[in-house]
Amino acid sequence: MPAIKPKRNYPMMDMTAMCDVAFLLLTFFILTAQFKAQDAATIETPSSISAIKVPDKDIMIISIGKDGKVYFGVDNQQTRLAMLENITQTEGVQFTDKQKKMFSLQANFGVPIRGLSQWLQAGIVNPDKMKEIVQPGIPTDSTAQNELAKWIYQARRANNLLRIAIKGDNVAKFPVFKDVMASLQAQNINKFNLITGTEAPPAGWSSDK
Amino acid sequence: MSEIAQGGGGGHGDKKVRSKKASTRVDMTPMVDLGFLLITFFILATTLSKPSSMSLAVPDKQTEKQETEPLKASKVLTLFLGKDNTVWALDRLAADDDKAKTDLKKVAYGPDLRTLIFQSQAQVDREHGKDEKGLSQFVCVIKPLNTSTYKNVVDVLDEMTVTKSKRYALVDALTTSEKELLGDKAN
């Protein structure tokens, strides 16, 4: 008895349209993409009802980690290079071209000036291990050793349009924030932004303006 | 789903000789797969929700002391931000007042704090009215203690926006009478 082969009727679907849509969306996302920068530390910001967005360009971000370590970063690679150049001149530290290049690729850092060269060198030798190096944070405490103030000053010299934002972690203690504020106020910077998450305002609340 | 087009090779049982037509249909499924895979990647790699920011303006550091009129305690709500997310509130009293010790209230963040600010605000408005510019005379002094966290500061500043308190000050130094008043709560 011959086996009856059931006639297979494969449903066919025209994928062309779907493919078009997929690639259209893909193009859109590629063009609008802004990549997440690799940060030196994970920071969970508190949330606020403020609706002001953080600017994308010309921004300096001072981050305060959970453990009170302070990290510093500016958005533009050119600014980073110019800033490092200024620091080299004033602090008398030397960097090789490779180290400068490496520095310009870091979104932010938390290493004192003296240890910077060593940290960058470690990054050049083994880029994958760079993230695992524990960064001690930028010293902010006493006035003579306030390296944060130096960085802020040199970054603003490199790009005077820089806006200043502070990104603090939920559990960061107030004294650290106070030190950061003091570093800014010492240079007559009295207006800055605090980066927060977005939260819905209470029901019935509306802004005055 | 879709499958490779099966035309082109047909015509086995057909007696007539036909020129073989090669099918021009291409299976798009892998291409769609790839397209969506890349879309997913780009969506995930993009920062979708941008964080917001609150602006904070602090007073200019004064090199020479200016003589200013002292603030009336009856217009001021002082908030001491302590440890473990608690606020010690001193409502319309100076720290060296006799009643301060008993009036120092422990408040939690959130609705309790908001209610307190609203009450105090309303009370000040009732007693003092508006100033010449038509603004409320209510002043909130925020004093974060060393044990408070950054979140606490942001939360209180946010409360200022919510309660529309226009006059507030972030002060980090405690006066002697305040230190005395708070005692071990400050640590």
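Visitor: Buried means under 20% relative accessible area. With that in hand, which way do the residues of β5(B) point?

Guide: This is a predicted model, so take everything here as computed. V139(B), V141(B) and K143(B) point one way from β5(B), while C140(B), I142(B) and P144(B) point the other way. All of them are buried.

Visitor: How many of the residues of β5(B) are buried, then, and what is the consequence?

Guide: Six of the six are buried, so β5(B) is largely enclosed by the rest of the structure.

Visitor: What is the order of strands in the open sheet of chain B?

Guide: The sheet has five strands in the order β4-β3-β2-β5-β6, and the pairing is mixed. β4, residues 105-108, and β6, residues 168-170, stand at the edges. Each of those two has a single partner strand, so one side of each is left without a neighbour in the sheet. From one strand to the next, the twist averages 25°.

Visitor: Which helix packs on that sheet?

Guide: Helix α3 of chain B, residues 111-128, packs on the sheet and touches β2, β3 and β4 of chain B. The direction of α3 makes about 125° with that of β4(B).

Visitor: Back to β5(B). In what sense does β5(B) run with β6(B), and over how many bridges?

Guide: β5(B), which covers residues 139-144, runs parallel to β6(B), and three bridges join them. V141(B) stands opposite A169(B) in β6(B).

Visitor: And β2(B) with β5(B): how many bridges, and in what sense?

Guide: Six bridges, again in the parallel sense. Within that pair, L79(B) is opposite I142(B), and L81(B) is opposite P144(B).

Visitor: Is β2(B) pairing with β3(B) parallel or antiparallel?

Guide: Antiparallel, with five bridges between β2(B) and β3(B). T78(B) faces L90(B) of β3(B) across that pairing. The two strands form a hairpin with four residues between them. D84(B), in the turn, has a positive phi of about 50°.

Visitor: How many residues of β2(B) are buried?

Guide: Six of the six, so β2(B) is largely enclosed by the rest of the structure. V76(B), T78(B) and F80(B) point one way, and L77(B), L79(B) and L81(B) the other.

Visitor: Where else does a residue other than glycine have a positive phi?

Guide: At D58(A), where phi is near 50°. D58(A) lies in the loop between β2 and β3 of chain A, and at 21% relative accessible area D58(A) is partly exposed. N188(A), also not a glycine, has a positive phi of about 60°. N188(A) sits in the loop between α6 and β6 of chain A. Most residues other than glycine have a negative phi.

Visitor: Which residues have the most contacts inside the largest nonpolar core?

Guide: That core has 61 residues, and those with the most contacts inside it are F72(A), L116(A), W151(A), F177(A), F192(A), L194(A) and L79(B). Apart from neighbours within four places in sequence, F192(A) is in contact with residues of chain A including I164(A), I166(A), M181(A) and L184(A). From chain B, F192(A) is in contact with M54(B), S55(B), L56(B) and V58(B). A second, separate core has 10 residues, among them L93(B), A95(B), A100(B) and L145(B).

Visitor: How many residues of chain A are in contact with chain B?

Guide: 59 residues of chain A are in contact with 52 residues of chain B. The two chains bury about 5,200 Å² between them, 64% of it on carbon and sulfur atoms. M15(A), F174(A) and L194(A) supply 12% of the area that chain A buries against chain B, more than any other three residues.

Visitor: Is S183(A) buried or exposed?

Guide: Buried, at 1% relative accessibility. S183(A) lies in helix α6 of chain A. Leaving aside neighbours within four places in sequence, S183(A) is in contact with T140(A), N146(A), L148(A), A149(A) and I152(A). M15(A) is 168 residues from S183(A) along the chain, and their C-alpha atoms are separated by 60 Å.

How values were computed: Residues are numbered from 1 along each chain as its sequence is written. Chains are lettered from A and ligands numbered from 1 in the order in which they are written. This is a predicted model: local features need pLDDT of at least 70, side-chain atom pairs count only at pLDDT 80 or more; totals for chains, interfaces and linings use all residues. Side-chain values use heavy atoms; hydrogens and water are left out. Two strands pair if DSSP finds at least two bridges between them. Axes are lines fitted to C-alpha atoms, for helices over the stretch in contact, and angles run from 0 to 180 degrees between N-to-C directions. Contact means heavy atoms within 4.5 Å. A nonpolar core is a set of buried Ala, Val, Leu, Ile, Met, Phe, Trp, Tyr and Cys residues joined through side-chain atoms within 4.5 Å. Buried means under 20% relative accessible area, exposed over 50%, partly exposed in between (1.4 Å probe, protein chains only). Buried area is the accessible area (1.4 Å probe) that two parts lose on being put together, summed over both.
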